[in-house]
Amino acid sequence: MSKLFTPFKLGPITLRNRTIRSAAFENMAYNNSPSEDLFNYHTSVAKGGIGMTTVAYCAVNKSGVSFNAQLWMRPEIIPDLKKLTDAIHAEGAKASIQLGHCGNMTHFYTCGCMPVGASSGFNLYSPTIVRGLKVPEIKALVKDFGKAVDMCREAGFDCVEIHAGHGYLISQFISPYTNHRKDEYGGSLENRMRFMKEVLAEVMEHAKDDMAVVVKTNMFDGFKSGMQLPDCITVAKEIEKAGVHGIVLSAGFVSKAPMHVMRGAMPLKTLGHYMDPWRYWWLKLGLKIAGRLMIPTVPFKETYFLEDAKKFRAEIKCPLVYVGGVVSRANCETVLDSGFELIQMARVLVNDPAFVNHMKESDESYHSTCKHSNYCIGRMYTLEMKCHHCVENLPKKLQKEIEEAEKNL
């Protein structure tokens with residue numbers, strides 16, 4: 001049997017194979033609570049053969065919410081999350097949940113307060129004024145991560161993934177682009193990592209010996225004034241020192257270089273089409289005028305992070321989770337042969353929740369039918385994440401955009 005379908009012990013838990021559904025945002029937690037759509041999607045992925053499925057982008061408190069259909073961890077949602085994890089377990093998969101805080105990537109209308117971040121300033125992404133966190137607030141946020149882990153255990157999750165990348169709050173502290181503090185949380189890289197290290201110490205204390213902990217971190221931010229690969233290796237080594245059970249290697253900064261995360265072109269017509277014309281009129285206008293300048297294309301290729309990830313593999317001893325452009329069984333074999341213990345994937349599972357089972361039933365020639373038009377990405381910022389082939393009566397302009405994107409891949 002291929003190594004891909006062999007079990008793997010991730011800290012205190014054992015996955016039935018080497019695959020993980022990555023924490024790509026589903027936008028299915030309507031009113032910030034678990035929904036039937038969220039339940040159905042993750043149980044279908046579990047039934048489709050995944051080793052572990054990750055519920056995405058759950059904020060540790062209300063100030064960390066950037067979408068109205070995003071989870072934030074609180075006692076009243078635990079019963080519905082427990083129903084979800086029970087269903088995932090019944091299909092033979094493990095259940096993980098990504099914990100984080102969006103920092104400056106939100107708005108008063110969503111999080112209910114002035115957005116906070118590593119430093120004060122203005123975030124064009126929202127757009128909004130952002131207030132830098134005070135030290136007592138930082139300490140309280142660290143505690144919130146620990147409390148969230150406790151609630152995740154009560155909800156039946158086997159693993160938590162701490163989001164320390166992509167330009168969200170922990171990443172905002174790490175990156176010199178967003179951290180201009182003059183205190184012990186700013187300045188040198190050692191200081192900029194302080195918040196992350198405090199969060200991880202708290203998380204590991206609360207995870208105890210029965211929950212796995214993995215951390216998503218950047219290999220680079222994707223622009224000149226952000227974090228570059230050598231310093232990101234230093235960050236990964238600090239994460240390893242915290243005693244976590246695995247590190248997920250990604251890249252990109254959502255507010256500055258979003259397509260470094262996903263690759264390909266953002267479908268601007270799709271993105272604008274689903275936006276509320278009254279609330280987001282300014283953004284729809286901006287997309288029409290300078291959309292491609294705001295969100296430039298980054299060419300897609302299969303296993304697009306692999307060469308950079310190998311540089312981390314050479315420096316890091318703990319299990320590494322590869323993510324980025326895995327679309328075939330051959331890709332999986334290549335990644336595992338390169339020394340990575342686990343593989344994350346998302347868009348291929350939006351396209352086909354049973355992708356893992358289909359790989360197992362086939363040989364190395366099996367390839368996903370996902371063409372990476374990124375319709376699901378353009379849609380997820382407003383509606384639930386869904387592949388275009390599951391949507392009836394698509395407007396002709398969106399069909400044309402999809403066809404052009406697939407042709408140019």
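Please keep in mind that the model is predicted.

The buried residues of α8 are L229, C232, I233, V235, A236, E238 and I239. After α8 comes G243, with a positive phi near 90 degrees.

E238 has a relative accessible area of 15%, and because the cut-off for buried is under 20%, E238 counts as buried. Leaving out residues up to four places away in sequence, E238 touches M193, M196 and K197.

**How the helices pack**

| Helix pair | Packing angle | Distance between axes |
|---|---|---|
| α4 and α7 | about 30 degrees | 9 Å |
| α7 and α8 | about 25 degrees | 10 Å |
| α8 and α12 | about 50 degrees | 10 Å |

Let us take the pairs in turn. Helix α4 (residues 135–154) and helix α7 (residues 194–207) pack at an angle of about 30 degrees. That makes α4 roughly parallel to α7, and α4 passes α7 in a right-handed crossing. On the α4 side, the residues that meet α7 are I138, K139, L141, V142, K143, F145, G146, V149, D150 and R153. Their partners in α7 are F195, E198, V199, E202, V203, H206 and A207.

Helix α7 also packs against α8, at an angle of about 25 degrees. This angle makes α7 roughly parallel to α8. Here α7 contributes M196, K197 and L200, while α8 brings V235, E238 and I239. The crossing of α7 past α8 is right-handed.

How are α8 and α12 oriented to each other? Their packing angle is about 50 degrees, and they are therefore oblique to each other. The contact is made by L229, C232, I233 and A236 of α8 together with D308, K311 and F312 of α12. As α8 passes α12, the crossing is right-handed.

**A kinked helix**

Where is the kink in α11 centred? The answer is K288, where α11 bends by about 70 degrees. Helix α11 runs over residues 281–294 and has 14 residues, yet its end C-alpha atoms are only 16 Å apart. A straight helix would reach 20 Å at 1.5 Å a residue, and α11 falls short of that. The buried residues of α11 are L283, G286, L287 and G291, and these pack against α10 (268–273).

**Two residues with positive phi**

Most residues other than glycine have a negative phi. N32 has a positive phi near 65 degrees, though N32 is a residue other than glycine. You can find N32 in the loop between β3 (19–21) and α1, and at 12% relative accessibility N32 counts as buried. Y57 is not a glycine and has a positive phi of about 50 degrees. Y57 sits in strand β4 and counts as buried, at 6% relative accessibility.

The last stop is G48, in the loop between α1 (36–47) and β4 (52–59). Is G48 buried or exposed? G48 is buried, with a relative accessible area of 3%. Which residues does G48 touch, not counting residues up to four places away in sequence? They are P353, A354, F355, V356 and N357. G48 and V356 are 308 residues apart along the chain, and their C-alpha atoms are separated by 6.2 Å.

Definitions and conventions. Residues numbered from 1 in each chain as written. Predicted model: local features only at pLDDT ≥ 70, side-chain atom pairs only at ≥ 80, totals over all residues. Heavy atoms only, no water. Helix = DSSP H or I, 4+ residues; strand = E, 2+ residues; numbered from the N terminus. Expected span 1.5 Å × (residues − 1). Bend = angle between axes of the 7 residues up to and from the residue. Buried < 20%, exposed > 50% of the residue type's maximum accessible area, 1.4 Å probe, protein only. Contact = heavy atoms within 4.5 Å. Axes fitted to C-alpha atoms, helices over the stretch in contact; angles between N-to-C directions. Parallel < 35°, antiparallel > 145°, perpendicular 65-115°, else oblique. Left-handed = near helix turned anticlockwise from the far one by under 90°.
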